[in-house]
Amino acid sequence: MFSALITGAAVYYLQVYGYYHAVDAAAPAAEVRLTAIETGAPEPILAEDFQGIDADSSPLRYRGCFRTPMSLALLTETFTVYDKATPLTAPGWFSCFDAARIGADIETGTAVAFLSEHDIHPGVDRVVAIYPDGRAYAWQQLNDEAGK
């Protein structure tokens with residue numbers, strides 16, 4: 001009984017805390033890029049106050065929160081909008097990222113989702129949602145090629 005309790009606590013800790021690490025704002029993973037409509041290639045955009053987490057155990061654990069001074073009008077004219085955006089939940093301790101709110105805001109048009117990078121890992125896209133006031137959130141999700 002005691003060993004089951006210890007094992008359960010260890011599994012919980014590893015899933016919620018253990019595998020994650022902070023993404024340094026100067027690291028390549030903190031560079032925010034969106035895929036340009038004209039070239040189809042990811043291009044860096046202006047990003048400030050980046051906070052991020054990631055894990056080596058899964059490409060789906062990446063999350064980021066930041067601000068951009070770029071206007072939503074400019075972004076939608078220049079970069080590829082992502083139609084199948086589905087923000088994945090983050091650990092509760094990463095409080096800047098609220099997947100349910102971001103997802104609902106994308107559905108209502110309050111935020112716009114963009115393709116950051118297709119196949120950043122095989123079968124995984126990086127997606128960025130941006131609000132008119134410059135708040136922005138990034139995550140990675142499975143794409144249509146996952147598992148093929």
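**A close look at one part**

Author: Let's start with Asp105, which is in contact with Thr110, Ala111 and Tyr131 once its neighbours within four places in sequence are left aside; contact here means heavy atoms within 4.5 Å. Before we go on, a word on what you are looking at: this is a predicted model, in which local features need pLDDT of at least 70 and side-chain atom pairs count only at pLDDT 80 or more, while totals for chains, interfaces and linings use all residues. Residues are numbered from 1 along each chain as its sequence is written, and side-chain values use heavy atoms, with hydrogens and water left out.

Asp105 sits in helix α3, residues 99–108. Helices (H or I, at least four residues) and strands (E, at least two) are DSSP runs, numbered from the N terminus. With a relative accessible area of 16%, Asp105 counts as buried; that word means under 20%, while exposed means over 50% and partly exposed lies in between, using a 1.4 Å probe and protein chains only. The side chain of Asp105 also makes a polar contact with the side chain of Tyr131, at 2.6 Å. Such a contact is a pair of N or O atoms within 3.5 Å; within protein, one must be able to donate a hydrogen and the other to accept it, and residues adjacent in sequence count only if both atoms are side-chain atoms.

Another residue of interest is Ile102. Beyond four places in sequence, its contacts are Pro87, Phe97, Ala129, Tyr131, Tyr137 and Trp139.

Now follow the strands. Strand β8 (residues 135–142) has 6 of its 8 residues buried, so the rest of the structure largely encloses it. It pairs with β7 (residues 124–130) in the antiparallel sense over 7 bridges; two strands pair if DSSP finds at least two bridges between them. Val124 stands opposite Leu142 in this pairing. The hairpin of β7 and β8 has 4 residues between the strands, and there Gly134 takes a positive phi near 100°. β8 also pairs with β5, again antiparallel, over 5 bridges, with Cys65 opposite Tyr137.

Thr68 is buried, at 5% relative accessible area, and its side chain reaches the backbone oxygen of Leu46 at 2.6 Å. Not counting residues up to four places away in sequence, Thr68 touches Ile45, Leu46, Ile130 and Gly134, and this last one is the hairpin glycine with the positive phi.

Finally, step back: the chain contains 3 helices and 8 strands, running α-β-β-β-β-β-α-α-β-β-β along the sequence. Of its 148 residues, 41% are buried.
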